[in-house]
Amino acid sequence: MIPLWENQNDIPLFDPANPFVPHLVPYILDSSRQLPCIIVFPGGGYTHRAQHESDPVCLWLNSIGISAFVLNYRVHPYKHPVPLLDAKRAIRLVRYFSKKWNINPNRIGVLGFSAGGHLASLASTHFDSGDKKNNDPVERVSSRPDCTVLCYPVISLAEFAHEGSKKALLGENPDPVLVWTLSSHNMVSSKTPPTFLWHTSDDSSVPVENSLLFAMALKKHGVPFELHIFPHGRHGLGLASETLYVKEWTKLCEKWFESIGFIGYNV
């Protein structure tokens, strides 16, 4: 376990009544060269973190030559901006310690499922280059991911919203401006990283329109992306290893990693 902040007193918006310490679980490959890395954001509606979308995903990433971390970010009763603060800090931390962990600082991506996909999409649209005057050297580092993988993600907090995630993150009667800015398709820009998305067309929990909205925004701003919509499959499949057709998403994603130069002999 690697705490995102070295001292509990440094954790922003920390609530002693809910003393969860956000942290990374490392799956770092032993290598003589710097490897690409993915930080995994499990789903759980911002109320918990789904185990089947955590460690097994890191093991798959390891199997294709990618070091990985599970981000155990803070969830309800914590609300926005806490999960996003944790996500941005995780990216900064991995980049800051990239040499120590044999990670390529220019090959650090994020992968999220469902509400974790929403968090990954926020990290990909609300990043910054770091605060160069901060006393904490980690905070001086960029929080921009180099690529993004979104698996049946929550994207919109307005139309097509997953109401449970929205309520857990923003509470009752949230500010409409906040709803708009945290509907991440509204915040896509030309600097949003290359993105791989997949969804099932009959997802009854998080409508497929969420992925379609993000893909259309990526297209509008000229961001490279790959989108796969599978005809059938329940929400929350994770690696989907026992689901016909949908289980192919990991192979498709591996090929996409190769196509953008994230993995491969020249990386």
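Q: What should I keep in mind about the numbering and the model?
A: Residues are numbered from 1 along each chain as its sequence is written, and side-chain values use heavy atoms, leaving out hydrogens and water. The model is predicted, so local features need pLDDT of at least 70 and side-chain atom pairs count only at pLDDT 80 or more, while totals for chains, interfaces and linings use all residues.

Q: Is serine 121 buried or exposed?
A: Buried means under 20% relative accessible area, exposed over 50%, and partly exposed in between (1.4 Å probe, protein chains only). Serine 121 has a relative accessible area of 0%, so it is buried. This serine 121 belongs to helix 3 (residues 115–123); helices (H or I, at least four residues) and strands (E, at least two) are DSSP runs, numbered from the N terminus.

Q: Which residues does serine 121 touch?
A: Contact means heavy atoms within 4.5 Å. Leaving aside residues up to four places away in sequence, serine 121 touches Leu150, Val154, Ile155, Ser184 and Phe214.

Q: Why is strand 5 described as largely enclosed by the rest of the structure?
A: Because eight of the 11 residues of strand 5 (residues 103–113) are buried.

Q: How many bridges join strand 5 to strand 6?
A: Two strands pair if DSSP finds at least two bridges between them. Here four bridges join strand 5 to strand 6 (residues 148–151), and the two run parallel. Phenylalanine 113 stands opposite cysteine 151 in strand 6. Strand 3 (residues 35–41) is also joined to strand 5, by six bridges and in parallel, with phenylalanine 41 having glycine 112 as its bridge partner.
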